[in-house]
Amino acid sequence: MKELRMKLKRVMLAALAMFAAIAFAAADDGLNVDVKQGVKKYVPGVKTPPPNYAFAGEGVEISWNPQDSKYIELVFNRALPLPEFTKLSVTAKFRSPAGCPVRNIGLRLTDKTNETFQFSRSVSFREGGIIEATWDVAAGQWPNSWGGNNDKKLDQPMKIYGFGVDYAPEGMEAKFELLSVSAFVSGGENARTTRPFYNFDMGDSFRRLWGHGELTQGMNALTVTGIRGELTLTERMYDLRYFRSRPTKLLLDAELSAGQVKVLWMFRDAANKQLKTPELSLKQGKNSLEFDLATVMAEAQLPLRVERFILIGQGDVPGTVRLTGSSLVTEQPLIESLDFDIATGNALHVLKQGEENAFRLEFVNRSNRSGKFNIDLVF
């Protein structure tokens, strides 16, 4: 038995270590330029139709005469639309023979007004082989732009449009292959994210802090009886469970079967300021209460934690309430809306002997927006 516990402990520690090293990338369309659709090459001053370079083997091979112009422009046959972002990182992979004169590549993006922005960086192809280059772009203004409304602002949403390629005027022929172009975005437009708050099941551990009332914990609900006056509850994780995003709503599912009862929550922020929700009344039968936290949390300093959950019994008849679930709604970037959990087949997250096959890693999109996610596990 001791050996089994040690093995399970190592499994759980390994999983937690893995979680610490997981990187998430929100990807509405894989966030990869489809280079298999080919690339067109534009040469300044040349009026003939631009040649199209098709994908072959592992990439798209582009060739040109360095004596014809100071630079060439590469335009993807299928531009990559981007979700709104605060920061963007684009990585391109090339392959070239030794002696290729390329010395600078400008990443080109277009905004919703068709204004083109160029972000240049030095990239030497002299030594040949595989070359990777990364461009980091921040939302806002950028001076090197033209076309569209020409306001020098990245009016999102944006598209990855192509590259401007600068090179030394050497030789009569040069070439390289474009192998891939990928993008990673962060921030940007917020999504409405709804996460479980307290399920009031066996995974939670509520207790009476003060006041009149009795708590009975069931498998899927917490029943509180004999509520007279103010009954304050606390949960074992209140001092350890912090919320680093600003919530806008708190949803509570409860059933009132006796008496008259009001409900409220109390939070405390990073500045030690107590924040109290309005009191909401339960009606007889099933209830889905919605606490508006936007105003309450407007000036709060993050992170937040729950301090108390309060039931207030009114009238002559003691209150009886069955609590079945709650959730928090926040506005946050889509990339932060993906949750990770370790499943063991029970609410206590304990892996029992003989149930090792129940162990699995779970990823859940908590936002109100559909999409794909690329998840890299880094060991």
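Thr116 stands opposite Trp146 of strand β11. Strands here are DSSP runs (E, at least two residues), numbered from the N terminus. The model is predicted: local features need pLDDT of at least 70, side-chain atom pairs count only at pLDDT 80 or more, and totals for chains, interfaces and linings use all residues. Residues are numbered from 1 along each chain as its sequence is written, and side-chain values use heavy atoms, with hydrogens and water left out.

Strand β9, residues 116-122, pairs with β11 in the antiparallel sense over 2 bridges. Pairing requires that DSSP find at least two bridges between the strands. Both strands belong to an open sheet of 7 strands, ordered β3-β2-β6-β12-β8-β9-β11, with antiparallel pairing. The edges are β3 (52-53) and β11 (145-146); each has a single partner strand, so one side of each is left without a neighbour in the sheet.

Strand β2 (residues 39-42) has two faces: Val39 and Lys41 are on the covered one, Lys40 and Tyr42 on the uncovered one.

Another open sheet has 5 strands in the order β4-β5-β13-β7-β10, with antiparallel pairing. Its edge strands, β4 (55-56) and β10, each pair on one side only. Within this sheet, β7 and β13 run antiparallel and are joined by 9 bridges. Ala92 stands opposite Val181 in β13.

The largest nonpolar core has 44 residues, and Ile160 and Phe163 have the most contacts inside it. Such a core is a set of buried Ala, Val, Leu, Ile, Met, Phe, Trp, Tyr and Cys residues joined through side-chain atoms within 4.5 Å. Buried means under 20% relative accessible area, exposed over 50%, and partly exposed in between (1.4 Å probe, protein chains only). Elements giving two or more residues to this core include β5 (59-64), β6 (71-81), β7 (87-96), β8 (102-110), β12 (159-167) and β13 (174-186). β13 gives the most, with 6 residues. Contact means heavy atoms within 4.5 Å. Not counting residues up to four places away in sequence, Ile160 touches several residues, among them Val33, Phe76, Leu107 and Ala183. A second, separate core has 33 residues, including Tyr198, Leu231, Val306 and Leu328. In soluble globular proteins, nonpolar side chains tend to be buried together.

Ser327 lies in strand β24, residues 319-333. Ser327 counts as buried because its relative accessibility is 13%. Leaving aside neighbours within four places in sequence, its contacts include Thr194, Phe197, Lys249 and Leu251. Gln260, by contrast, is found in strand β19 (residues 260-268). Gln260 is exposed, with a relative accessible area of 52%. Gln260 and Gln314 are 54 residues apart in sequence, yet 5.2 Å apart in space, C-alpha to C-alpha. Beyond four places in sequence, Gln260 is in contact with Ile312, Gly313, Gln314 and Val317.

The whole structure contains 14 salt bridges. A salt bridge is a side-chain nitrogen of Lys or Arg within 4 Å of a carboxyl oxygen of Asp or Glu. Glu290 forms one with Lys249, the closest N and O atoms being 3.3 Å apart. Glu290 lies in strand β22 (residues 285-292) and Lys249 in strand β18 (residues 247-258), so the pair ties together parts that are 41 residues apart in sequence. Both are partly exposed: Glu290 has a relative accessible area of 47%, and Lys249 is at 26%. Shared partners join the salt bridges of Glu58, Arg95 and Glu177 into one network. Glu214 and Arg208 also meet through their side chains (3.6 Å, N to O). In the salt bridge between Arg236 and Glu235, the closest N and O atoms are 3.9 Å apart. Arg236 is exposed at 54% relative accessibility, whereas Glu235 is buried at 3%.

Methods
Helix = DSSP H or I, 4+ residues; strand = E, 2+ residues; numbered from the N terminus.
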